[in-house]
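Hi everyone, thanks for coming.

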Amino acid sequence: MPRTSRRALGALAASAAAVLALSACSSSATGESSGGDITLSYAIWDENQKPAMEDIAAAYTEEHPNVTIEIQVTPYKEYFTKLQTAVTGGSAADVFWMNGPNFQLYASNGQLAPLDDVDAADYPQGLVDLYTYDDALYGAPKDFDTVALWYNKALFDAAGVEYPSAGWTWDDFRSAAAKLTDPAKGQFGVAASQYGQENFYNSIAQAGGEVISADGTQSGYGSPEALEGIELWTDLIADGSSPTAQQMTDTNPEDFFLSGKVAMFQNGSWAAIAYADNADIGGSVDVAPLPAGPEGNQSVIHGVGNVANAKSAHVEEAKDFAAFASGEQAAKIQAETGTVIPAYNGTQQAWVDALPQYDLQVYIDALETAVPYPVSKNTSAWTSIESEVLSQVWSGAVSPKDGLQDLAAQMQTALDAEQE
């Protein structure tokens, strides 16, 4: 998935009030298979994945000659706004991509059809949990992403610093970042960006904390462990090992890495194919496991799910295609292109092999200790608070301790409102 999608997860989620009204406004459907020649619309948000999705659609049509799949691509920054409008107007696609932060809103309001024929045992448990609501699976996991540490070998070599490796700790990470920083060259050891999935969601878990409780009802930001996880990044900025918050506002943090001005950058598995295709850095970077904090080197896991529109005029076919598009054959198509890590168990090796110049096995190994992406019934209600408060912390306007206490209180108020 493109970088903007992971950094902004949930930012454009539909409001709870709007989604509550969706069922009443959706088009009617019989809920039965229509038979005959039909066309199913399939909504996705990544143009880079469209060729693979076209191959998957073609494979499905080969098995079901009466079904044509029409793929609709909407950029991620517009995707959920458009989806909300489409569902409200009864024109949503028959099958569409879903993410964790938005899933519970749509599942809880009857917009998604349960995928009874999907075998949950075929997928990582964290993704099954992400797309389960009231004990029913509503999303067939399509792919998954974990997080690892990318590094520029040329900058490490020039500074005489050993490459990151398994067993690296936060102290090793901080030390290397300092050694790789050269103010005279405008070079930094790391970009300590205010990214949740790529950075502080992982470090909070590595410190033994949590962003939100497993049941999605309690904020974890008030704990000492969460503070320790946040301070890993704010200390790097304060020490001068990272660009400042303002610099990373003026210039996309990843662009520092792409231009050779930052030596290390934590990123999701979706970055592999983009870096491989980048003529400037493709041959000079590699990837290593995340550095370990007090409780380990946990990575956040997230992934896209294929869901079926419960209001589709062809709901049975929609459910069948959603299951197929996340099945073994589809997974192999995705893996062989190197685009994403397929969620279907046993098919990930082809993704690793697609880009042998990088140690992509670290992303698969991260599954062993991965923690779920933090979500609740209305994730966007508190991620907007999270972004606002942490921007003040990152800029230095508010101390991490004071900022997190404020964030915990505001977030809890939002979570309590979900339960009313």
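**A covered helix, then the wider picture**

Let's start with helix H15, residues 315–324, which is mostly covered: seven of its 10 residues are buried. Buried here means under 20% relative accessible area, exposed means over 50%, and partly exposed is in between, with a 1.4 Å probe and protein chains only. The buried ones in H15 are Val315, Glu317, Ala318, Lys319, Phe321, Ala322 and Phe324. As for the naming, helices (H or I, at least four residues) and strands (E, at least two) are DSSP runs, numbered from the N terminus.

A quick word on where this comes from. It's a predicted model, where local features need pLDDT of at least 70 and side-chain atom pairs count only at pLDDT 80 or more, while totals for chains, interfaces and linings use all residues. Residues are numbered from 1 along each chain as its sequence is written, and side-chain values use heavy atoms, leaving out hydrogens and water.

Okay, zooming out. The chain has 20 helices and 15 strands. Its radius of gyration is 21 Å, close to the 22 Å that the globule rule gives for 420 residues, so the chain is as compact as a globular protein of that length. That radius is taken over C-alpha atoms, and the rule is 2.2 Å times the number of residues to the power 0.38. Along its principal axes, the C-alpha trace spans about 70 × 50 × 35 Å. Of the 420 residues, 56% count as buried.

How much of the contacts with a separation of 6 or more comes from residues 24 or more positions apart? That share is 77%, with contact meaning heavy atoms within 4.5 Å.

Then the charges: there are 17 positive and 56 negative side chains, and the centres of the two sets lie 6 Å apart. Lys and Arg count as positive, Asp and Glu as negative, with His and the chain ends not counted. Each charge is placed at NZ of Lys, CZ of Arg, CG of Asp or CD of Glu.

Now let's pick out a few residues. Buried or exposed: which is Trp97? Trp97 is buried, at a relative accessible area of 0%, and you'll find it in strand S3, residues 95–98. Leaving aside residues up to four places away in sequence, Trp97 touches a whole list, including Tyr42, Gln49, Lys142 and Asn306. The side chains of Trp97 and Tyr42 also make a polar contact, at 3.0 Å. A polar contact is a pair of N or O atoms within 3.5 Å; within protein, one must be able to donate a hydrogen and the other to accept it, and residues adjacent in sequence count only if both atoms are side-chain atoms.

Gln49, one of the residues that Trp97 touches, sits in the loop between strand S1 (38–44) and helix H4 (50–63). Gln49 is buried too, at 1%, and its side chain has a polar contact of 2.7 Å with that of Lys142.

Asp134 counts as exposed at 64% relative accessibility, and Asp135 is exposed at 79%. Most residues other than glycine have a negative phi. Here, though, phi is positive, near 50° for Asp134 and near 70° for Asp135.
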